[in-house]
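Come along and check each entry against the picture.

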Amino acid sequence: MKASRLSLLLLAFAASVHAELALDVPAIELKPKPEDEEVETTFKFRNKGDKVVKVLGLESACSCLSATLDKAEYQPGEVGTGHASFKVSTFVGRHEKFVTVNTDDPKNPDWQVNFVLDVPAVVDIKPKNLQWWVGDAPAQKACLVEFVGAEPMKIIKITPTRQNVKFEVKEIKEGRQYLITVKPDSTQEVTMGALKIETTSSIPKYRNQLAFFTITQKPESQPAPATTAAAAAASAPAPIPAPAPVAAEPKP
């Protein structure tokens with residue numbers, strides 16, 4: 001009886017012992033400046049369990065993100081330090097990435113460290129692509145280029161990758177807004193091209209922007225679905241014709 005009780009106590013204790021690496025926040029926020037090519041950060045985490053955690057390896061979900069930890073083993077309650085590096089490149093806006101830490105914890109072998117990269121916009125082009133259908137009238141369409149960063153910019157040159165379009169640029173607000181109008185010579189052929197927009201940005205990666213134009217085949221229209229009543233009538237079985245009347249035999 002005593003042995004059974006001791007076994008139960010040992011099992012209960014083993015079940016309560018666990019390892020748990022965890023951050024104090026849901027995700028690590030990174031807010032680079034527009035000119036940053038790479039941003040680095042350090043972060044703290046803790047072994048909230050009551051068992052030693054051994055780190056077996058790290059894997060990143062994106063080649064743009066790399067991370068390291070300060071050691072490979074963490075005692076219960078111990079605080080660890082991590083270091084992460086993110087290659088900003090052409091990222092703009094909010095992006096969520098993560099690194100997976102492989103551990104020897106059987107209940108939680110893969111600990112995911114979440115990162116949020118929030119890169120401020122500098123140039124905004126709307127719409128990014130001007131589109132025509134093959135056979136449409138070659139009507140003029142426009143896109144608005146806005147320089148929304150702290151630094152005003154100007155468009156100094158536009159070069160189309162195709163010669164079958166004409167374009168004009170008009171300054172709406174100096175250093176901030178420019179309207180580019182595009183008109184194809186013809187819409188009889190499928191075309192994909194771009195306008196190479198050169199700016200006066202002091203940040204090299206924003207000196208050249210792209211706006212696109214396409215002439216594509218119009219998708220074939222699908223037949224309209226039958227109405228409920230019509231569909232029911234079409235699926236209903238054909239009515240059975242009534243039997244022809246039988247002529248009465250003459251009485252003798």
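My entries below go from confidence to aromatic rings and then to a sheet.

**Ground rules.** I am working with a predicted model, where local features need pLDDT of at least 70 and side-chain atom pairs count only at pLDDT 80 or more, while totals for chains, interfaces and linings use all residues. I count residues from 1 along each chain as its sequence is written, and side-chain values use heavy atoms, with hydrogens and water left out.

**Confidence.** I looked up pLDDT, the predictor's confidence in each residue, from 0 to 100. The protein averages 85, and 80% of the residues score at least 70. Over residues 6-17 the pLDDT is below 50, and this stretch has four contacts (heavy atoms within 4.5 Å) beyond near neighbours in sequence. Residues 246-252 also stay under 50, with zero contacts beyond four places in sequence. A note to myself: where pLDDT is low, the predicted coordinates should not be read in detail.

**Aromatic rings.** How many aromatic pairs does the structure hold? I found six. Rings of Phe, Tyr and Trp (its six-membered ring) pair if their centres lie within 6.5 Å; planes under 30 degrees apart count as stacked, over 60 as edge-to-face and the rest as tilted.

Phenylalanine 43 and phenylalanine 115 make an edge-to-face pair, 5.8 Å centre to centre with 80 degrees between the planes. Phenylalanine 43 sits in strand E3 (residues 38-47) and phenylalanine 115 in strand E9 (residues 110-119), so this pair ties together parts 72 residues apart in sequence. Strands (E, at least two residues) are DSSP runs, numbered from the N terminus. Phenylalanine 43 is buried, at 7% relative accessible area, and phenylalanine 115 is buried at 2%. Buried means under 20% relative accessible area, exposed over 50%, partly exposed in between (1.4 Å probe, protein chains only).

Next I checked phenylalanine 45 and tyrosine 74: their ring centres are 5.1 Å apart and their planes at 75 degrees, so they are edge-to-face. Phenylalanine 45 is in strand E3 and tyrosine 74 in strand E6 (residues 73-74), 29 residues apart. Both are buried. Ring pairs link Phe43, Phe45, Tyr74, Trp111 and Phe115 into a cluster.

**A sheet.** I traced an open sheet of four strands in the order E1-E3-E7-E5, with antiparallel pairing. Two strands pair if DSSP finds at least two bridges between them. Strand E1 (21-22) and strand E5 (65-69) are the edges, each pairing on one side only. E5 runs antiparallel to strand E7 (residues 79-87), joined by five bridges. Threonine 68 stands opposite histidine 83 in E7.
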